[in-house]
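Keep the sequence and the structure in view as you read.

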Amino acid sequence: MRLTNHQAVEIVKLARQITQRPVVVRVFGSRLDDDAKGGDLDLLIELDEPVANPALLSAQLSAKVSRLIDGRKVDVLLTAPNLLRLPIHDIAISEGQPL
């Protein structure tokens, strides 16, 4: 995974601060390929409780994590009991690595 240990720890901290609840954070997509270069960071944030404003939550986390990783693009995908589950969620869960 092309993240430092410090970045991984900070990403989880940011996710917990923004959501104000326990979360599981998974990295999926191209960042799992240690031989690749560049690319965005794809994160899946797993929540056990419903989310009132998922778009705002995703945008806030994306912006803060982007600053942490030197301005790289960050895509945030959420899963929660009240959110629609799509095939991309299944891929992120099965192929993603928890931080």
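The report takes the loops, then the strand and its partners.

The model is predicted.

**Two loop residues**

Start with Gln 20. It sits in the loop between α1 (5-19) and β1 (24-28). Its phi is positive, about 60°, although Gln 20 is not a glycine. Is Gln 20 buried or exposed? Gln 20 is exposed, because its relative accessible area is 71% and exposed means over 50%.

Now go to Asp 70. This residue belongs to the loop between α2 (54-68) and β3 (74-79). Asp 70 is not a glycine either, and its phi is positive, near 60°. Asp 70 counts as exposed, with a relative accessible area of 72%.

The table puts the two residues side by side.

| Residue | Loop | Phi | Relative accessible area |
|---|---|---|---|
| Gln 20 | between α1 and β1 | about 60° | 71% |

How many of the five residues of β1 are buried? Four are, so β1 is mostly covered, where buried means under 20% relative accessible area.

Which strands does β1 pair with? One is β2 (residues 41-46), joined to β1 by five bridges. These two strands run antiparallel. Within this pair, Val 27 stands opposite Leu 43 of β2.

The other is β4 (residues 97-98). Two bridges join β4 to β1, and this pair also runs antiparallel. Here Arg 26 has Pro 98 of β4 as its bridge partner.

Terms used. Residues numbered from 1 in each chain as written. Predicted model: local features only at pLDDT ≥ 70, side-chain atom pairs only at ≥ 80, totals over all residues. Heavy atoms only, no water. Buried < 20%, exposed > 50% of the residue type's maximum accessible area, 1.4 Å probe, protein only. Pairing = 2+ DSSP bridges.
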